[in-house]
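Hi,

Here is the structure I promised to pass on. My notes follow below it.

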Amino acid sequence: MMIVRIGKAKDNEFVVDDPHVSRYHAKLEKNEKGELYIEDVGSTNGTFVNKDRIIRKKIEATDSVVLGNNYILNIRDALKYDNDYSEEFAALKQVYDNYVREKVRIQSSNQFKTRLFQSFPFAVIGIVGLIIGLVGKSNHTLIIVSLILAVCAPTAGIYLGARQSAKIPELLQNIVNRFKIDYVCPKCGAFLGEIPWESLANKKQCPVGTCRAKWMKK
């Protein structure tokens, strides 16, 4: 069971700097089942859950918990009193790996399609030439069709290839935008750039001075 003592006294796990919060105000408990309880430990100004004053109450992470007159307790921050965000940070490895994999997939897939569009018309011309050689040069209709294809097919191939290439920047930008939302410090939300997860893990904590979330357990 995790127990987080809350109050103004420095020996609490979660220290609150508020004049209306007692030195030892409340304690937050999380049992083996993941259930949360908040208990007032004899505070002067009380503990409130969803505006009701309580002695002890089972709560959800989304409940409104107020200590004293107006201090709003952030339950998530209280549970992270030791600033340990190693589990959340570990999940970012999958985010980074997926981003790199998707980027490579988009680039390779679109390069293949671009080359296909650009080379296919010339293959068509070659096939038509082969047919003419087999059927004979006396078929004037076939010759005219082949001449039209010889002019139009490469142009169409270049156009389609260019269109396919033009899609790449937009597709890449879409995954970059998503990446900037997901690849952030689990505590302060600062974007971590395109730095590989392993390199960030070596730093062990968030470089933002006001955050310093622990990313790796020592």
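Lysine 27 is partly exposed, at a relative accessible area of 23%, while glutamate 29 is buried, at 8%. For those words, buried means under 20% relative accessible area, exposed means over 50%, and partly exposed is in between (1.4 Å probe, protein chains only). The two residues form a salt bridge, with their closest N and O atoms 3.6 Å apart. By salt bridge I mean a side-chain nitrogen of Lys or Arg within 4 Å of a carboxyl oxygen of Asp or Glu. Lys27 and Glu29 also belong to a salt-bridge network that takes in Glu39 and Arg56.

Before going further: this is a predicted model, where local features need pLDDT of at least 70 and side-chain atom pairs count only at pLDDT 80 or more, while totals for chains, interfaces and linings use all residues. Residues are numbered from 1 along each chain as its sequence is written, and side-chain values use heavy atoms, with hydrogens and water left out.

Back to the charges. Searching the whole structure gives twelve salt bridges. One of them pairs lysine 93 with glutamate 198, at 3.7 Å from N to O. Lysine 93 sits in helix α2 and glutamate 198 in helix α4, so this pair ties together parts that are 105 residues apart in sequence. Helices (H or I, at least four residues) and strands (E, at least two) are DSSP runs, numbered from the N terminus. Both partners count as partly exposed, lysine 93 at 31% and glutamate 198 at 39%.

Another salt bridge joins glutamate 102 to arginine 105, where the closest N and O atoms are 2.8 Å apart. These two are three residues apart in helix α2, so about one helical turn separates them. Glutamate 102 is partly exposed at 28%, and arginine 105 is partly exposed at 45%.

Now the sheet. Five strands make up an open, mixed sheet in the order β2-β1-β3-β4-β7. At its edges are β2 (14-15) and β7 (56-59), each pairing on one side only. I count two strands as paired if DSSP finds at least two bridges between them. Strands β1 (residues 2-7) and β3 (residues 26-30) run antiparallel and are joined by five bridges, with valine 4 opposite leucine 28.

In the loop between β3 and β4 (36-40) you will find asparagine 31, which is buried at 15% relative accessibility. A polar atom of the asparagine 31 side chain lies 3.0 Å from the backbone nitrogen of lysine 33. Leaving aside neighbours within four places in sequence, asparagine 31 is in contact with Met1 and Tyr37; contact here means heavy atoms within 4.5 Å.

What about the nonpolar cores? A nonpolar core is a set of buried Ala, Val, Leu, Ile, Met, Phe, Trp, Tyr and Cys residues joined through side-chain atoms within 4.5 Å. The largest one has 21 residues, and the members touching the most others are Phe89, Tyr183, Cys185, Leu192, Trp197, Ala213 and Trp215. Helices α2 (86-135), α3 (140-182) and α4 (197-203) are the elements that give two or more residues to this core. Apart from it lies another core, of 18 residues, including Val4, Val21, Ala26 and Leu73.

Not counting residues up to four places away in sequence, tryptophan 215 touches, among others, Ser86, Phe89, Cys185, Leu200, Lys204 and Cys206.

Lysine 204, in the segment after α4, has a positive phi near 70° although lysine is not glycine. This residue is partly exposed, at 46%. Lysine 51 also has a positive phi, of about 80°. Lysine 51 lies in the loop between β5 (47-49) and β6 (52-54) and is exposed, at 78%. For context, most residues other than glycine have a negative phi.

For cysteine 206, the nearest cysteine sulfur is that of cysteine 188, at 3.8 Å; cysteine 206 is buried, at 1%.

Cheers

Conventions. A polar contact is a pair of N or O atoms within 3.5 Å; within protein, one must be able to donate a hydrogen and the other to accept it, and residues adjacent in sequence count only if both atoms are side-chain atoms. A disulfide is a pair of cysteine sulfur atoms within 2.5 Å.
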